[in-house]
Number of protein chains: 2
Amino acid sequence: MVKMVIAVRKDLAMGKGKIAAQVAHAAVACTLISMKKNKKTFNEWYETGQKKVVVKVDNLQEIYKIKEECKILGVISETITDAGFTQIIPGTVTCIGLGPDEDDLLDQITGSYGLL
Amino acid sequence: MVKMVIAVRKDLAMGKGKIAAQVAHAAVACTLISMKKNKKTFNEWYETGQKKVVVKVDNLQEIYKIKEECKILGVISETITDAGFTQIIPGTVTCIGLGPDEDDLLDQITGSYGLL
């Protein structure tokens, strides 16, 4: 099975609507990248319900750690930087999207993080 | 300017991670539909920061009302039905995505709803 994971910083003062918009940015970005770069996996994900899992990380350092591990393992990832019109400082990295890719592969990177 | 709007039911007991995943489902669905059916507007949205606005509605009836108004005004919309593995009953409609489309047009439909 394949899934998409979005990891969200819990150290920012974002309300639930703000979090939802940031996660949606990441999901759309990963969707568009994977359609081009990883078509076979994208199709499998698309046809099996487009599973999305949202997890929480402590801080920006964990986002960067995830990003590095994605590079090493060849997993698509996209960090989201907020325009900052509301709630947080402009240019703040809020979350990172991973995949879609194999469950096992993504769990190597984000399996230890709890669900948001 | 163009934007995407996602309207979320506030009468369901969904946590912030659950809400974020549902909003992401809607955003990805509207993205994929608009790429095919409304390419010019999709491109404008894509190139201008992919604005997404998340609003709240009282109940399922308001989701259906929005859906009907989208049909009348020719706006792309997609309701999201949760698979129900967690938190809520399977088959529950959780949110609706609109657009991307012109700000003014979407505001005719969802402009009266508050931000989530």
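The model is predicted, so treat the angles below as computed values. Chain B has its own entries on both counts, at Pro100(B) and Gln50(B). As background, most peptide bonds are trans, and most residues other than glycine have a negative phi.

**Cis peptide bonds**

- Pro100(A) sits in strand 4 of chain A, which covers residues 93-102.
- Over in chain B, the bond between Gly99(B) and Pro100(B) is cis, and omega there is about 5 degrees.
- Pro100(B) belongs to strand 4 of chain B, residues 93-102.

- You'll find Gln50(A) in the loop that runs between helix 2 (39-47) and strand 2 (52-57) of chain A.
- Gln50(B) isn't a glycine either, and its phi is positive at about 55 degrees.
- The loop holding Gln50(B) lies between helix 2 (39-47) and strand 2 (52-57) of chain B.

**Burial of Gln50**

- Gln50(A) has a relative accessible area of 14%, so it counts as buried, the cut-off being under 20%.
- Gln50(B) comes in at 15% relative accessible area, so it is buried as well.

Terms used
Residues are numbered from 1 along each chain as its sequence is written. Chains are lettered from A and ligands numbered from 1 in the order in which they are written. This is a predicted model: local features need pLDDT of at least 70, side-chain atom pairs count only at pLDDT 80 or more; totals for chains, interfaces and linings use all residues. Side-chain values use heavy atoms; hydrogens and water are left out. Helices (H or I, at least four residues) and strands (E, at least two) are DSSP runs, numbered from the N terminus. Buried means under 20% relative accessible area, exposed over 50%, partly exposed in between (1.4 Å probe, protein chains only).
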